[in-house]
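Good morning, colleagues. I would like to take you through one protein model this morning. Please look at the sequence and the structure as they come up.

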Amino acid sequence: SAVIEGGSVIALTGAGAAGKTTFLRILGRQLFPTKGFLVYPGRWQVRFLDTASSQMFFRGTLIANLRFGNTIEHEETEIIELCRLMGVSQKILGRSGMQTQVMLNGSNLSTTDKVLLTVVRALLSSVDLLLLSNLLDIVGEEKAINVLNVLKTFVNHRRVDCLTKENASRGRFRKRKTVVVSTKLAPLEQACSMKLHLGEVEVDETAGRKEDMDI
């Protein structure tokens, strides 16, 4: 069993095939546990992001893609600032900016920008529990650490500081935020405030696969 406290940036560690992605999918409500149960705080917004998530762009402007599914229509200047903090390339922000035309699956965007914009979109959705399954490994160590620092500020402040419109609407009531990161980058893992370790998989012919989880 495990308890994930709110207000933390957690590195999910473990050997290959230890079940890290499966664990994150269960937390993200994409899979259901075969035994036991999950308990969430009331009205938690959960987002699970992996490499497939970074392909989820439709034909239209960049700002339409980033605003899709959000309950609050953030100001364009706020979104640009969040993209800048996240490290989105100047090629995207400098020319047409948020009016940049995006092709299906983001085929005209770089892999790095697609990953960064995917995290931006999650933060714009008022997320409370953000689950990243090896997603930051794609952008390289330097950019991954920068994204993690933005996420740590998000967790510590219980908000994204540049999203002033949303922050004003929430007032003083802000739910605790949590980020869980699965990564193979040792510096990224070390930069997290906590570590959750999945033990090695044990297999026997009668019980099948067994996974032990330690904190």
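Predicted model: local features only at pLDDT ≥ 70, side-chain atom pairs only at ≥ 80, totals over all residues.

Let me begin with a question: is Arg29 buried, partly exposed or exposed? At 42% relative accessibility, Arg29 counts as partly exposed, where buried means under 20% relative accessible area, exposed over 50%, and partly exposed in between, with a 1.4 Å probe and protein chains only.

Residues are numbered from 1 along each chain as its sequence is written, and side-chain values use heavy atoms, with hydrogens and water left out.

To return to Arg29: its phi is near 70 degrees, a positive value in a residue other than glycine. Most residues other than glycine have a negative phi. Arg29 sits in the loop between helix H1 (20–27) and E2; helices (H or I, at least four residues) and strands (E, at least two) are DSSP runs, numbered from the N terminus. Arg158, also not a glycine, has a positive phi of about 60 degrees. Arg158 is found in the loop between H6 and helix H7 (164–170), and at 36% relative accessibility it counts as partly exposed.

Now the overall picture. The protein chain contains eight helices and ten strands. Of its 215 residues, 45% are buried. Taking contacts (heavy atoms within 4.5 Å) between residues at least 6 apart in sequence, 73% join residues at least 24 apart.

Twelve of the 14 residues are buried, so H5 is largely enclosed by the rest of the structure. What do the buried residues of H5 pack against? Their partners are strands E2 (46–49) and E5 (129–133), together with helices H2 (62–67), H3 (76–86), H4 (90–94) and H6 (141–157). After H5 comes Ser126, with a positive phi near 60 degrees.

This brings us to the nonpolar cores, each a set of buried Ala, Val, Leu, Ile, Met, Phe, Trp, Tyr and Cys residues joined through side-chain atoms within 4.5 Å. The largest has 46 residues, of which Leu66, Cys83, Met86, Leu123 and Leu130 touch the most other members. H5 gives the most to this core, with eight residues. A second, separate core has 14 residues, including Leu12, Phe23, Trp44 and Val180.

Leu66 deserves a word of its own. Leaving out residues up to four places away in sequence, Leu66 touches Ile79, Cys83, Met98, Leu117, Val120, Arg121 and Leu124.

Finally, the cysteines. How many disulfides are there? With a disulfide taken as a pair of cysteine sulfur atoms within 2.5 Å, the count comes to zero. For Cys83, the nearest cysteine sulfur, that of Cys162, is 9.0 Å away. Cys83 is buried, with a relative accessible area of 0%, and Cys192 is buried as well, at 9%.

Thank you for your attention.
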